[in-house]
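Trainee: Could we go through this chain together? I would like to begin with the overall picture and then turn to details.

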Amino acid sequence: MDFQLVSDYQPEGDQAQAIAKLAKSLDSGNRHQTLLGVTGSGKTFTMANLIAHCGKPTLIMSHNKTLAAQLYSEFKNFFPHNAVEYFVSYFDYYQPEAYIPRSDTYIEKDSSINDEIERLRLSTMGSLLTRQDTIVVASVSCIYGLGSPEDYENMMVPVRKGQKLTREEFLNSLVGMLFERNDIQFGRGKFRVRGDVVEVHPAYLDETAIRVEFFDDEVERVSSIHTLTGHLIERLESHTFFPAKQFVTPGDKMKRAAVSIRQEADEQVAKFEKEGKLIEAQRLRMRTDYDLEMMAEMGFCQGIENYSRHITGHEPGARPYTLLDFFPRDFLLMIDESHATIPQIGGMYEGDKSRKTVLVEHGFRLPSALDNRPLRFEEFMQMTGRRLYVSATPGPFEIVNSRPENKTYIPVVTKDAAGRHIPASLRKFRAIPSGNAEPVESFDPTKRGTPLVVEQIIRPTGLLDPVITLRPLKGQIDETIELCRQRVERHERVLVTTLTKKTAEDLSEYLQGTGLKVRYIHADIDAVERVEILRLLRAATVDVLVGINLLREGLDLPEVSLVCILDADKEGFLRNETSLIQTAGRAARHITGECVLFCDTVTDSIQSLLDITVHRRTRQEAYNKQHGITPQGVKRALQQSLHTHEHEREQAELLNRSLVADDVATYDKLRVIAELEEEMREASSRLEFERAAHLRDQIAALKNPSALPARQPVKYPSGKSSRRK
């Protein structure tokens, strides 16, 4: 099936020229192209048009789950007749296995899997193997190890009406695909048998099961049914069953793997004993023996992924199978917010290697565990073909590669001898995979031809980039207070960015003492609390929000009209060109948007921000004048509070405490729990996982308050403490 783009909109502003230029570049076979699109210019719509034009399976990568979920929802609306899938880490909570030699502390792996995300991951793998019209929105988890696509495909079981297949053969196939039989509690990844009727709930379907009816040694009928009611949905001519787990391996491979694991364990134990590391040798022997027994009896063990090299039969050091192996060779890659996603991809391998090397050296894992890893950056680039980088602030990597040369350049060194980061303008690059190409001595986009960087800076709403104002450092706090008061009087909101957490907290407390409604936000605030603080800002419960590095890309706050950047001339990671442009862009959704930079010197980054802003405003003003457009502010519905249900419950308890009998109170409590559970499932189905997790905690507190540990008090800017709900 072709990609069918469904939209009520037509390309506006400079979307049409961006689509035409990028489509021509992609058709020419260029491996790198960049879309420089500002906030509010409709980058997602441009990406959707390019997917429909190319007609190839597409992987869209984002640097966090929240933005990935937003993209998934948008592309589902653009392509309702095609397979749009969501592939992110399926852990609600993940504590990796680790060892700290200094304190002799071993931390065992601990995790909590989100069933809904696991279903979506399995659906992704199935769609890629059976459909050509697949769009996958993923986080960087797609470069981590996954089962072999060959094994996964070979273990699929197609069933069609009239097929010669006995019930016993079908049941054996289901067990081989890791389905579990449960005739009472029917759920995803399970099947039940009633005479000649077998009902299977595939792990990749939500509320739909497949009923297979047999007559003697033949499939008589295949139907889809509702899992809860059992009502018939439709008759099917055929259905293909995929494995119930992401990691599936045929039995013969598991037997060969056991022999190989035993051999490596013997060699490593002998090595430890020769070096006099008797504790490490004993530790490794006990761990390996236990894991092999579990694999022989149960088919799996805790941490089985650490034996993936033996199970897949790969050579030592070979790259692991990942989601990219499920794509055809000519797929299209789009990297959203590439200035943040590309560095994240490049940093995954070294962090994983560092942790596992310590485990191997102290006998907790075999050396082969190092091959259970994410892709190296070079491997990732070699596995991908045509790429589109999307960002309002593309980094050096994107620009230096976006030339019609079909070569890929990566940084040779990013730090100097003292460990300091080298500025992007001075970094050296080399070509891959050969590494023999002439290095790019300095970052000069014009050195090797015209860059394939396409600008999309016209907003269909007519909104201009925020006005940039420079003010001296002296008296910056007093100036900030006055600016905040002016905006608050106009019922608008303000963002203030500082350099440290301590400064953010102290400034919040000081501003609150002047009568402003202020909160701070930084990495020590948990994710659910951050969402609630942002909601309070939009709801005008908070007028000023103080932060550090979280007030950047991905924040959609239409009510914010002013951004104050303190100490803007302190050149560094928090005050470089990318950070300043992204932070200033938070005021780009308001018709009177302004960004105030407090500085005594105009750094190169500040000058770049000024030049880019003048360029974009000039282009937008000319477009508005030519087409008679009056700028319109962005409006978006306010998100419901995560605390709404708990607040309502508390109010009901206070009101009815002396009026309701115990049995009625119990009934009301059960009713509230049922309502919360239903809302939790709905939030999970909408991919609002932070909200779902918060509702889950509320349900647990209602069911058994005494069993839960006391939550730590949160220190608010006023200095007071309050127990979290």
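Predicted model: local features only at pLDDT ≥ 70, side-chain atom pairs only at ≥ 80, totals over all residues.

Trainee: How many helices and strands does the chain have?

Mentor: The chain has 20 helices and 29 strands. These are DSSP runs numbered from the N terminus, helices being H or I with at least four residues and strands E with at least two.

Trainee: And what share of the residues is buried?

Mentor: Of the 725 residues, 48% count as buried; the term means under 20% relative accessible area, with exposed over 50% and partly exposed in between (1.4 Å probe, protein chains only).

Trainee: What about contacts between residues 24 or more positions apart?

Mentor: Such pairs make up 72% of the contacts in the chain with a separation of 6 or more. Contact means heavy atoms within 4.5 Å.

Trainee: Changing topic, at what angle do α16 and α17 pack?

Mentor: Helix α16 (residues 577–584) and helix α17 (residues 604–627) pack at about 45°, and their axes are 8 Å apart. That makes α16 oblique to α17. Axes are lines fitted to C-alpha atoms, for helices over the stretch in contact, and angles run from 0 to 180 degrees between N-to-C directions. Angles under 35 degrees count as roughly parallel, over 145 as roughly antiparallel, 65 to 115 as roughly perpendicular and the rest as oblique.

Trainee: Which residues meet there?

Mentor: From α16, E577, L580, I581 and A584 meet S605, I606, S608, L609, I612 and R616 of α17.

Trainee: Is N624 buried or exposed?

Mentor: N624, which lies in helix α17, counts as buried because its relative accessibility is 8%. Beyond residues up to four places away in sequence, N624 touches G462, L464, I629 and P631.

Trainee: Where is T124, and what does it touch?

Mentor: T124 is in helix α4 (residues 115–130) and is buried, with a relative accessible area of 0%. Leaving aside neighbours within four places in sequence, T124 contacts E85, Y86, F87, V136 and L323.

Trainee: Last one: where is D567 found?

Mentor: D567 is in the loop between β26 (560–565) and α16. D567 and T498 are 69 residues apart in sequence and 7.3 Å apart in space, C-alpha to C-alpha.

How values were computed:
Residues numbered from 1 in each chain as written. Heavy atoms only, no water.
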